[in-house]
Amino acid sequence: MIEQLLDRASKVSDQAEVYALRVEETPVSFEANRLKQLQTSETSGIALRIIRNGRVGLAASTRLDDPDSLVNDAVEAATFGAAASFRLPDPSTIPDVPGWDQAVIDTPVERMVEIGYELIDRLHSHNPQVVCDAGVSRQSYDVTIRNSNGGSHRYRKTISAVNLMGTLVRGTDILYVGDDQVWCRPIDDYRAIADEAIRQVDLAQKSARIKSATMPVLFTARGFASVFSVPLRIAFNGKRVLQGASPLTGKRGQQCFSEKLSLWDDPTIPYAPHSSPFDDEGVPTSRLALAENGIVRNFVYDLATAALAGEQSTGSASRGLESLPSPGISALVISPGTRSHDELLGSIDYGLIVDEVIGATQGNVIGGDFSGNVVLGFKVEKGKIIGRVKDTVISGNVYDLLNQDLTLSNAPQWVHGGLFVPDLLLPAVSVASRSA
Amino acid sequence: MRDQIESALRGLDAEHVSVHVEEYETSRMTFRGRDVEDVGRSRGIGGNIRAFAGGGWGFVSFNDFGELRSRAELAIHQAKLAGGSGNRLADRPVRDVVVPAHLLKDPRTVSLTDKKRLLDEYIDVMFSVPQIHTTEASYWDGARRVVYADSEGCYVEQSFVDLKARFLAVARRNGTVQQAILSMGSLGDFAAVEQLHDKVRTTAERAVRLLDAKSIESGEYTVVCDQALAGVFAHEAFGHLSEADFIYENDRMQEIMVLGRQFGTPMVSIVDDATLPGLRGSYAYDDEGTAGHKNYLLKNGELVGRLHSRETAAKLGEEPTGNARAISYRHEPLVRMTNTYIEPGTATPEELIADVKDGIYAVDWYGGTTTMEMFTFSAAEAYRIRNGRLEEPLRGVVLSGNLFDTLQRIDGVAGDLAFAQGGGCGKGGQSPLPVSTGAPHIRIQSCVVGGGG
């Protein structure tokens with residue numbers, strides 16, 4: 001069918017590309033400490049992108065039996081489409097980035113149910129008042145990209161995902177704890193998810209009040225994700241840079257961050273959930289330095305944005321079935337420092353350790369300003385965690401903060417499968433809390 | 001198709017089985033600056049089968065319709081494996097009905113050329129404001145035909161035509177960038193995105209104003225919120241906690257959310273209403289074939305109701321409210337809001353501001369989030385109030401609240417109710433679900449405010 005579609009499209013366009021996706025997913029869900037739902041989902045669809053008279057058109061459908069409609073829709077779209085001056089990739093060598101593990105597909109549903117119950121029992125028996133929800137799922141992705149210049153690629157990927165969430169209500173205090181792991185191979189160390197939730201429950205037993213002031217804040221990897229991930233992804237996005245909507249526009253080669261900060265986009269990590277051997281338009285991927293010792297090195301580009309910017313594609317095209325590719329960071333990796341988490345914690349005389357913030361990415365993200373409510377955070381005094389803080393807001397500007405005399409821990413962790421970062425200690429962050 | 005569905009449902013061995021089929025067609029146009037970035041059309045058809053047995057669910061979703069009966073049997077098998085909670089589904093009337101789309105000016109009758117010309121005009125307006133550096137503009141419309149049928153004999157066919165437009169203006173001066181966003185939407189009326197020239201200009205002017213706006217020191221302030229922001233506040237502060245699936249299996253949560261409990265001052269009433277014609281969150285029947293309703297959540301500050309699916313209603317011994325919604329056939333319905341609003345009071349916005357010695361007037365929204373007890377909602381723009389007068393513009397104002405606290409600090413509700421339709425709600429990986437929010441101006445005492453960098 002793909003051949004037929006490409007063939008018909010080539011007759012009415014200068015270049016054509018077919019992107020076909022098939023996803024199968026088997027999630028097992030637990031609610032209120034027990035098994036709740038078993039699910040099987042199959043999604044398949046096809047997208048046709050054409051370049052005709054120098055303009056791009058896209059059409060997508062879940063129907064694989066009607067190539068003519070798809071071609072007609074794409075031609076109509078191309079009448080109005082963006083000017084395109086790029087060439088869809090010719091055949092090329094593709095790196096080997098393993099992402100398929102048959103063991104994931106072969107995991108029986110009964111085993112997935114067992115894992116979920118084991119996690120719930122572990123958390124629930126530690127604290128019987130915690131009400132647990134959990135999810136264990138296995139997925140397979142099958143992507144085929146073929147274009148009229150001979151480029152032809154297919155890869156398949158499996159994904160295992162396990163998550164646990166506990167709700168603990170005491171009076172009017174509601175605490176959420178939890179963690180998750182995502183990987184392309186079966187997750188052997190899933191018990192660590194329950195252990196992390198238990199650690200959060202234990203630390204939150206005591207409450208603490210914190211004053212409103214500027215103070216040191218230690219972001220765990222999860223805390224970092226909830227504040228810094230979105231602004232950094234926007235900042236290094238070649239499309240935003242081109243538009244002048246990134247604070248890093250025109251700053252390649254300049255020192256924009258602390259010299260302790262080195263960031264990478266790495267789509268080649270074997271079995272990482274966002275890895276792939278080629279991007280969503282068939283361009284081979286590679287590990288890319290975004291900033292080295294605080295100096296801005298590269299932005300991420302797809303073919304269209306690169307052509308407009310006078311750059312080369314970095315193999316960073318990302319797309320959903322029904323949209324055009326656009327640049328995206330696959331796995332954001334930050335090089336670790338040399339101090340341990342405990343050393344960083346021990347160095348705080350009066351401050352905060354932050355594990356989760358809400359609302360920090362809703363605001364003027366392009367300028368880097370943020371403000372968010374600390375939903376899981378703890379007061380630190382003389383190097384010791386005192387108790388959980390509430391009604392506490394942290395604010396600042398991401399670029400100002402990442403220029404401080406920061407310290408990174410020596411042990412990076414994966415967060416939600418897309419970020420591999422160490423803990424980050426910042427010496428001066430604005431904290432506001434409701435007075436007693 | 002009806003025959004196929006009904007024969008797949010006949011004589012099945014389970015408490016409840018339903019089939020959901022959806023056919024859709026969407027079109028989209030996005031601009032980067034003055035250049036078209038993406039024009040496209042998508043079509044599709046897909047479906048799912050849900051089965052309920054012994055309190056457990058099975059769910060199978062697919063794009064091809066070849067094997068309905070064996071998929072139904074798989075869903076039943078899954079449900080039986082998952083059963084154990086012993087939950088039931090609340091009764092509700094069985095309907096056999098076709099509901100046409102709410103349509104005033106059908107966006108599908110407007111040509112791509114005319115849509116593009118309109119967007120070109122709006123982009124010109126944004127660029128006509130000095131210091132606007134770059135813009136984004138996008139338009140989207142989608143038509144869906146949805147069929148719901150179940151083993152109880154329910155057969156509901158509905159059609160929806162939804163549209164939205166979004167404009168983003170970026171102002172830049174000496175390396176500082178600020179943005180402002182306008183989001184508009186409607187159910188079935190293309191006129192909602194025509195004649196937006198003034199609104200688009202105001203949005204661009206706001207981005208420029210934000211370049212000079214100051215950051216406020218974080219702390220506690222008296223805040224007057226405009227209608228758009230107060231609507232988001234209602235949605236985040238209370239709307240989500242009213243979704244019964246957050247509490248129906250948790251005894252402690254039920255103790256907190258007990259009907260009759262006073263959560264707010266007597267001037268606060270919050271409603272969720274799926275029956276308001278033409279709003280983006282409206283529908284005749286939810287995705288379980290239950291009719292949509294007007295539901296009071298908070299009446300004069302007292303908790304009087306919640307939002308339910310059939311399962312949560314049965315568990316809590318309450319009536320189903322018709323709030324089980326799925327964003328597409330790929331997902332199971334969750335309890336979701338529709339059009340959520342604060343009822344108007346009697347003050348005027350001027351009165352609310354005049355009483356404030358030192359506070360903030362917060363306007364329009366970027367977004368909001370909640371963890372039930374704690375929530376945030378961020379203002380697009382704000383002004384310092386001193387001695388009842390609006391003074392310097394502020395940026396990066398994020399308001400933070402606590403469910404048990406903030407609603408008790410509302411001491412002013414104006415009479416100027418207005419609805420905002422540009423937003424979408426996210427929950428359980430299903431985002432953005434079309435919803436609308438509404439409110440008049442309100443005033444909140446001692447709100448924790450984060451001031452940005």
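Which helix of chain B does B:Q254 lie in? You'll find the answer in the first close-up.

This is a predicted model, where local features need pLDDT of at least 70 and side-chain atom pairs count only at pLDDT 80 or more, while totals for chains, interfaces and linings use all residues. Residues are numbered from 1 along each chain as its sequence is written, chains are lettered from A and ligands numbered from 1 in the order in which they are written, and side-chain values use heavy atoms, leaving out hydrogens and water.

**View 1. B:Q254 sits in helix α6 (residues 251-256) of chain B.** Helices here are DSSP runs of H or I with at least four residues, strands are runs of E with at least two, and both are numbered from the N terminus. B:Q254 is partly exposed, with a relative accessible area of 24% (buried is under 20%, exposed over 50%, partly exposed in between, using a 1.4 Å probe and protein chains only). Skipping residues up to four places away in sequence, B:Q254 touches B:I247, B:Y248, B:E249 and B:L316, where contact means heavy atoms within 4.5 Å. B:L316 is 62 residues from B:Q254 in sequence, yet their C-alpha atoms are 9.1 Å apart.

**View 2. B:N63 lies in the loop between β3 (56-62) and α2 (68-82) of chain B.** This residue, B:N63, is buried, at a relative accessible area of 8%. Its neighbours come from both chains: leaving aside those within four places in sequence, B:N63 is in contact with A:E42, A:T43, A:S44, A:T62, B:I45, B:G46 and B:Y329. Look for the B:N63 side chain reaching the backbone nitrogen of A:S44 at 2.8 Å and the backbone oxygen of B:I45 at 3.1 Å.

**View 3. In chain B, helix α1 (residues 2-9) crosses α2(B) at roughly 40 degrees, with the axes coming within 9 Å.** Axes are lines fitted to C-alpha atoms, for helices over the stretch in contact, and angles run from 0 to 180 degrees between N-to-C directions. The two helices, α1(B) and α2(B), are therefore oblique to each other (under 35 degrees is roughly parallel, over 145 roughly antiparallel, 65 to 115 roughly perpendicular, and the rest oblique). Where they meet, B:Q4, B:I5, B:S7, B:A8 and B:L9 of α1(B) touch B:L68, B:R69 and B:A72 of α2(B).

**View 4. In chain A, the axes of helix α1 (residues 2-11) and helix α2 (residues 67-80) come within 10 Å and cross at roughly 40 degrees.** That makes α1(A) oblique to α2(A). Here A:Q4, A:L5, A:R8 and A:A9 of α1(A) meet A:P67, A:D68, A:L70 and A:V71 of α2(A).

How values were computed. A polar contact is a pair of N or O atoms within 3.5 Å; within protein, one must be able to donate a hydrogen and the other to accept it, and residues adjacent in sequence count only if both atoms are side-chain atoms.
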